Structures are given as structure tokens and as C-alpha cells.
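Subject: Handover of the two-chain model

Dear colleague,

Please find below the structure that I am passing on to you, followed by a summary of what was found in it.

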Amino acid sequence: MEQFVMNFTVTNRLATTPSPRVCGVVSSGNLEVLVESGEPEDTCRIDVHTPAEGFRDIWSAVLRDFVERQPVGGVRITINDAGATPAVVSLRLDQAIDFFRSEKP
Amino acid sequence: MNRPSSQPATWDREKQNYQARLARGAALASGRKVSADDIVRLLEAVIEPGDRVCIEGNNQKQADFLAKSLARTDPALVRELHLVQSVLALPEHMDLIEQGQVSRVDFSFSGQQAGRLATLVEQGRIKIGAIHTYLELFGRYFVDLTPKVALIAAQMADRDGNLYTGPNTEDTPAIVEAAAFKNGIVIAQVNEVVEKLPRVDIPADWVDYFVKAPTPHYIEPLFTRDPAQITEIQILMAMIAIKGLYAEYGITSLNHGIGFDTAAIELLLPTYAAELGLKGKICTNWALNPHPTMIPAIEAGFVQSIHSFGSEVGMERYIAARPDIFFVGRDGSMRSNRAFSQVAGHYACDLFIGSTLQIDLAGNSSTATKGRISGFGGAPNMGSDARGRRHASPAWLRAGREARPHAVMPRGQKLVAQIVETSREHMQPAFVERLDAWDLAESSGMELPPVMIYGEDVTHIITEEGIAHLLRCETPEEREQAIRGVAGYTQVGLARDRRMVENLRDRGIIRYPRDLGIDKRMATRDLLAARSIKDLVLASGGLYNPPKHFRNW
């Protein structure tokens, strides 16, 4: 089990402050992504909990690309991974943020 | 003094030999009919050392009883055979080699025997002439690999030896045509002998012997994919394929390779593609086996026609009830024909899309792995530009313009797409610097690395990251970066030149889901028109009858 936090500085804060949003499930090859507001508006904080060790470089690349696609500030994202591929992680993060955005405040 | 003979030349030695074989077999047959108990002795009587023998079988039906019987012949009598056949898929094919009865094989595909075959080659116990595509091997049947003995499979025979091959006609007409008209012996195994056939697929006077096999010939339900196993990543890739490729080029005629990636596309036609207003504009005419995952698209009115290489177990009643779509005989059952469908896939389809195991930086793709000689099947025919094509279509012309924008002479191009997830389980990368095919070629003494689709023919690569329009690249360097730009978090993908990839994106050579206006929130299993085998049965109105092991309700 590995746990780490990555903080990204971003420019555009999400306009709304909706309720927390969960996307996905913790089952084999999948992951759960929890999006909450409450971070400083120029910050996207991502907490990763993963059973697989030794993939920090890949995680960094996946999360860097995600923030580049979706530069959202004021949010904290918690990832509970169950051995998802980078492809699934990227998809789930994009889905979670899009769902979070679309929710009414 | 030796003088050239003044006797008249003999032009029918082969025919005399054929008649001598029939004379030896006559005692073991009653007319054309041979009993199962006598078949081994019949094979020993009519086969001569060094014969080219074709044991029919493809990735679908197999002349398995005749293969087993041949493997029971006396190796002292039946030896030095040269097998010329589509697949080496049965254990008996390998047994024949191990028993020392085969000296050479020319084939297309080896499926489950790929590992055993590689071992036999490495031990020097068998020589491979060449590994072909189906159409290529069929071609050689009429030039330099004509079978002397053809062992074929049919569903029924009548008492005269007329054959009904039914929905799984597959390779039979090509094999029999070559053998029967070039002094070859044709022996058929059949499941039943009946008074009157539903229709005649092979006339009796092309057949020398038939035998009722103790059990029906084996058929593999190779093209059945359970929708329950389709992942969200495959759904996302299918959305990219539909919006970024099918809609972009207006592709109406096509062939789908086998696998879950293409099954996902089929199941998104009545949902995602219909929502995009694409019904009637894409995917109307197909060269395709009757994939059960096509049922929802057919029922939704997406499809106008499907010609098939073979049939699919359980689809018979559904096909028979949809004669406007499938090629169906006057008796009401489907007729397939691999040779014609391969021709259709090569010359008459604008798109081939299929999955693969490895793609290199030039876009060459291969399913070869070390220690397994698996062969090609039909994909290379479908997945290559048909340079002999002379009829135009909008998609073909557009691809040609994009590939050769400065060419003076207008010419189209076949769209050939590879659809792959960047990593498989255990992070096995689909993108590599060097294909395993090179190692396999070396260890097996092959003249060519077994490449399934050559990079120069690949126009598009689709991954979960996006679509690369390789045909729009102007230099090999651009092509390499376009491949890296959709290669995800593989080593190949991570080593991309990010600036160059952004440039390719600006020019529409790489397009990511957000560039295509794809809403990733839709990439869930809810988007599938059927989410289980049971859904497919329901969609067919109960006509589809899946094999038992696909039933879980």
C-alpha cells in the first residue's frame, strides 16, 4: 500500500461549490474518485491511496496530464485505487470532475 | 545409343495416377460411401508418400474426424506429407508432425497449437514453407500448392455424395475446386446422410468419397463476445472510433476484426451513433461474420447487408429470419464463403478496423510473441490498401487525398485502423520500440518477421487517449510522434516530444476526446445497446441461441 499527496497550482477555480461527488467503485482494476471543494482556490490537491507500489512516476504523469486537461482549483480529490490501469484512472478523473462541475450548487 | 523416345507424349499421367488411387480405394467403399470403420484403411490406400494434403479447417469448422483418422494411419505408408491448409489448430495436426508423417507445412493460422508448432520448428522436426493469409494460400492452391488429397467437412451428404455445407460453407468451395479439377482426391466427412439435401453446395461429381463421422464436426464459436465483459475504456475507444473515424469519413462499407474493442463499436451503433444522427450514413454494408453483437444494430435498421466468411454457432435461426440482411440460400439457410468474403473485405470495403498485440514506432503491428507461431488468418488482406481497386467512394477518395495531397494522379486509399488499449493487464504495453516478431523470426528461421499489418498500410490508430490520423503525417518523424501521442503511459508514450504532439494536435493529426467533443461521462456500460448475452437473445426476439457456456441465466 502506498499513499501520497500531490498539490498542483492552477489558475481557474471552479465557479460553484457543489456537494462532494463520488465516481467509480473500489473493485479489482477499478478505482473510486472523491471530489470535494474547500481547498484554496489556486490549488488542486490529489490524495492517492494505491495497493500497487513502485508506480509513482506513472501516477505523477497521469495526474499532471489530468490537471493540464482540467485545471480546476479549490478542489481536493481523493483516489482509492484497486489496481486500475492509467487509462481507467484518467477516464475516472475526467468523469468525476465533469460530474462535479455539472452539479447544481 | 540413347535417342529421344519417339513415342507420343503423355499428357494425362496425373489422371492415370488419380484413377489408380480410386482403383485401390474401390474395395473399401460402396460407391462414394465409406464407413467410419474403413476410413483409416481408405486413407492408407489413396494417399501416396509426398502427397500435398489439405485437411479442411478454419478458425470455425474443422474436418476433425478425418484429421484424427489420418493421425491413425500407418506412418510407414502415409508419410512425407506436405500439409497445405488454412489452419493447424487441432492436436491431431501436431500429432501427425510428431509421428514423422509430415515433412512440410504451408498454412495461415495456428491458433491453440501456436506454442507446440514453435517447439517443433525449433527442434527442426518440421519445415514451414510459408505462413500465408487465407486468400494468398487459396491463390496458391491454383498455382503451386494444389492439394492432391482434400479432406473436407460438410454438414450432410445424400446417397450420391452431393454435399450440403450450409451456413458454415467457409473454405470448402475453394479447396474442392482446386483438388477436384486437378486430379485430386476429395474425401468429405459429414454429420448426416439424408435422402434429400436442403440444397447442393458441392456437387457429387466433385467428390470421391464421403464418410459419416461418429460425431458432428467441431465448430468454434469464435466470434461471440459477451457484452458483460466490455469495459468503459473499450466504450470510450468505440466512441472515438464512431465520432472521430466513421462519422468523419462517412464509412459505409467495412469489416470489423474479432474482439471486444470492435464488439463495443457494434453495440454503440444503435445508441451513440444513432444519437449523433449517423443511422443510414455509416456502417450499412459489411464483410463480417455474423457477430451476435451486431443483432441490436441490425434490429435498429442500421445495417443493409452482411456477407460472411463463415457462420457463428447459435446465429443460424436469426440469420435465416433476416434474409434481407444476410446471404441466404433458396432453402432458407445461410451460405458463407471465406474466399469471396475475403475478396469483398479487400476490394469492396472502405475500412478495416481490428485489434492487435503490439505496434511499433512505424505503425507495424503484430500478434506474434516469442515461442508462439500463430500466423495471420485473414486480417492482412482486409488490413491493407487494395492497390488494384478502381471504383471510387467518398471515404476512399478522401483518404487518398489526405495521404497524398500533392499527387498529380488522383487515387483513393483504404482506411486501415488499429484499435488498442495502450496497456493490457499487468501493464503489458501495446506500443513497443521493437516488435517481438523480430525475435520469433530469428528463433524460427523465418525469412520475414510475421507482421500482421504493415505500418505503411495503417491510416489510423485509436487508443483510449485519442485517434492518430497517420495518413495525414508528412514525414516519418511526424508519424512516430503521432503514434507516441496516443500511446498513453507506455514507455513509448511517455517519451513523446510534447511540443511536437501539440503541433500535430493543432493540425488535426492527433485528436483527443475533448477535441472531438466527446463527453467522457457517457463512457459507461449504460451506453451499450446490450449488456449481456441475454440482452442479445432478447434483442433477437429469441432467435439467437447462444452456446451453453455463454448462458449464465
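Domain bounds, as used here, come from an automatic or database domain assignment. On that basis chain B is divided into domain 1 (14-212), domain 2 (221-235 + 250-348 + 518-543) and domain 3 (350-511). Please keep in mind that this is a predicted model, in which local features need pLDDT of at least 70 and side-chain atom pairs count only at pLDDT 80 or more, while totals for chains, interfaces and linings use all residues. Residues are numbered from 1 along each chain as its sequence is written, and chains are lettered from A and ligands numbered from 1 in the order in which they are written.

The two chains

Helices (H or I, at least four residues) and strands (E, at least two) are DSSP runs, numbered from the N terminus. By that definition chain B has 19 helices and 19 strands. Its radius of gyration, taken over C-alpha atoms, is 25 Å, close to the 24 Å that the globule rule (2.2 Å times the number of residues to the power 0.38) gives for 553 residues, so chain B is as compact as a globular protein of that length. The C-alpha trace of chain B spans about 80 × 65 × 45 Å along its principal axes. A residue is called buried if 20 or more other C-beta atoms lie within 10 Å of its own, exposed if 12 or fewer, and partly exposed in between, with C-beta atoms placed from the backbone; 55% of the 553 residues of chain B count as buried. Two residues are in contact if their C-beta atoms, placed from the backbone, lie within 7 Å, and among contacts in chain B between residues at least 6 apart in sequence, 74% join residues at least 24 apart.

Chain A has two helices and five strands, which follow the pattern β-β-β-β-α-β-α along the sequence. The radius of gyration of chain A is 13 Å, which agrees with the value near 13 Å that a compact globule of 105 residues would have. Along the principal axes, the C-alpha atoms of chain A fill a box of roughly 35 × 25 × 20 Å, and buried residues make up 37% of its 105 residues.

Where the chains and domains meet

The contact between the chains takes 14 residues from chain B and 13 residues from chain A. On the side of chain B that touches chain A, the largest share, three residues, comes from helix α8 (residues 232-249) of chain B. That side divides into five nonpolar, three polar and six charged residues, where Ala, Val, Leu, Ile, Met, Phe, Trp, Tyr, Cys and Pro count as nonpolar, Asp, Glu, Lys and Arg as charged, and the others, Gly among them, as polar.

Within chain B, the centres of domain 2 and domain 3, taken over C-alpha atoms, are separated by 24 Å, and the contact takes 17 residues from domain 2 and 18 residues from domain 3. On the domain 2 side, β10 (253-256), α9 (260-275) and α12 of chain B each supply at least two residues, and the residues of that side divide into five nonpolar, eleven polar and one charged.

Sheet, core and single residues

Two strands pair if DSSP finds at least two bridges between them. In chain B, eight strands form an open sheet of mixed pairing in the order β12-β11-β10-β13-β16-β17-β18-β19, with β12 (305-307) and β19 (510-511) as the edge strands, each pairing on one side only.

A nonpolar core is a set of buried Ala, Val, Leu, Ile, Met, Phe, Trp, Tyr and Cys residues joined through C-beta atoms within 7 Å. The largest one has 190 residues, of which B:L151, B:A241 and B:L268 touch the most other members, and α8(B) gives the most to this core, with twelve residues.

B:S341 has its place in helix α12 (residues 338-348) of chain B and counts as buried, with 28 C-beta neighbours inside 10 Å.

With kind regards
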